[in-house]
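Dear colleague,

Here is the structure I said I would pass on. My notes on it follow below.

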Amino acid sequence: AMPYLAAPLPTTGRSVTWGPPVTSGTVVIPGTIDPTGATDVAAAINAWVESVPDGRILDFNGGTFKLSQGIQLSNRHNLVLWGHGATLNVAAGASGGDQLTSPIVVGHKYGGSWTLGSADISIHDFTIVGNNPTPGTFVPGSEAQANLELTGCTRLEVYDIAGSNAYGDFAF
C-alpha cells in the first residue's frame with residue numbers, strides 16, 4: 001500500500017491530498033530484455049518505456065539490468081515504475097559520473113533538452129548501483145551522477161529504493 005499525505009499548501013493554508021498515479025493496467029518488461037545483468041540493456045529498456053503509454057504500471061519483474069545510460073522519463077504522466085525487487089547497475093565503462101548515467105532520469109530526453117512537466121510518477125522497489133569504484137570519494141567532474149536524477153516534475157513519489165556507489169548524491 002502506498003502512503004499519501006494531506007499537506008498544507010504553503011501560500012494558502014489549504015490542504016491537498018495527493019493520491020497514487022491513475023493507472024489502467026500493468027505492462028511487464030519484455031522477456032527479450034536481458035534480466036541477468038550480463039549485457040547493456042539501456043537502449044532496449046528506454047525503447048520499452050517509450051512505447052508504453054501514460055497511465056500504466058511498468059513492472060521490471062525483479063531482474064538485474066546493466067545500464068550504460070539511465071532510464072529516461074520525459075514529459076510522462078500517471079506512471080508507476082515498479083522494480084519488483086529489480087537491480088539497476090550502471091555499467092563499469094559508462095561515461096563516468098555524467099548525469100545521464102544516473103540509473104533513473106526524470107525530466108530529460110537523451111539527445112534532446114530538459115523536458116519539464118512529468119507528473120504523477122511513482123518509482124519504487126529498486127536497488128540502484130552506480131559505477132563509482134570509490135564511493136564516498138569526491139571525483140571532480142563526475143559528481144553529476146546520482147542514483148536518481150529528478151528534474152521538473154510534480155507529484156513524484158519515490159520509496160523502497162536502496163542506492164549505492166553513485167559519484168554524486170542519492171537523489172538530485
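Ser-118 counts as buried, because its relative accessibility is 1% and the cut-off for buried is under 20%. Please bear in mind that this is a predicted model.

Ser-118 belongs to strand β10, which covers residues 118-129. Its side chain reaches two backbone nitrogens: that of Asn-75 at 3.1 Å and that of Arg-76 at 3.0 Å. With neighbours within four places in sequence left aside, the contacts of Ser-118 include Leu-73, Ser-74 and His-77, as well as Val-106, Gly-152 and Thr-154. Cys-153 is also among the contacts of Ser-118, and in the strand pairing Ser-118 stands opposite this residue of β12.

**Strand β10 and its partners**

β10 is mostly covered, with 9 of its 12 residues buried. β10 pairs with β12 (residues 153-164) in the parallel sense, over 10 bridges. β10 is also joined to β8 by 9 bridges, again with the strands running parallel. As a general point, strands of a sheet pair through backbone hydrogen bonds, either parallel or antiparallel.

**The three-stranded sheet**

An open sheet of 3 strands has the order β7-β9-β11, and its pairing is parallel. β7 and β11 (148-150) are the edge strands, each pairing on one side only. On average, neighbouring strands of this sheet are turned by 10° against each other, direction ignored. β9 (residues 104-106) and β11 pair over 3 bridges, and Val-105 stands opposite Glu-149 of β11.

**The nonpolar core**

Which residues touch the most other members of the largest nonpolar core? They are Ile-45, Phe-60, Phe-65, Ile-104 and Phe-126, in a core of 26 residues. The elements giving two or more residues to this core are α1, β6, β7, β8 (77-90), β9 and β10.

Ile-104 is worth a look on screen. Leaving aside neighbours within four places in sequence, Ile-104 is in contact with Ile-71, Leu-81, Leu-88, Ile-123, Phe-126 and Ile-128, and also with Asn-147, Leu-148 and Glu-149.

**Helix α1**

Helix α1 (residues 42-51) has the buried residues Ala-42, Ile-45, Asn-46, Trp-48 and Val-49. Seen down the axis of α1, these residues fall within an arc of 160°, so they line one face of the helix. The face of α1 turned away from the buried side carries the exposed residues Ala-43 and Ser-51.

What do the buried residues of α1 pack against? They pack against five strands, listed here with their residues: β3 (26-28), β4 (36-40), β5 (57-59), β6 (64-67) and β7 (71-73).

**A loop residue**

Is Pro-140 buried or exposed? Pro-140 is exposed, because its relative accessible area is 62% and the cut-off for exposed is over 50%. Pro-140 lies in the loop between β10 and β11. From C-alpha to C-alpha, Pro-140 and Tyr-167 are 9.4 Å apart in space, while in sequence they are 27 residues apart.

Regards

Methods: Residues are numbered from 1 along each chain as its sequence is written. This is a predicted model: local features need pLDDT of at least 70, side-chain atom pairs count only at pLDDT 80 or more; totals for chains, interfaces and linings use all residues. Side-chain values use heavy atoms; hydrogens and water are left out. Helices (H or I, at least four residues) and strands (E, at least two) are DSSP runs, numbered from the N terminus. Buried means under 20% relative accessible area, exposed over 50%, partly exposed in between (1.4 Å probe, protein chains only). A polar contact is a pair of N or O atoms within 3.5 Å; within protein, one must be able to donate a hydrogen and the other to accept it, and residues adjacent in sequence count only if both atoms are side-chain atoms. Contact means heavy atoms within 4.5 Å. The arc is that of the directions from the helix axis to the C-beta atoms. Two strands pair if DSSP finds at least two bridges between them. Axes are lines fitted to C-alpha atoms, for helices over the stretch in contact, and angles run from 0 to 180 degrees between N-to-C directions. A nonpolar core is a set of buried Ala, Val, Leu, Ile, Met, Phe, Trp, Tyr and Cys residues joined through side-chain atoms within 4.5 Å.
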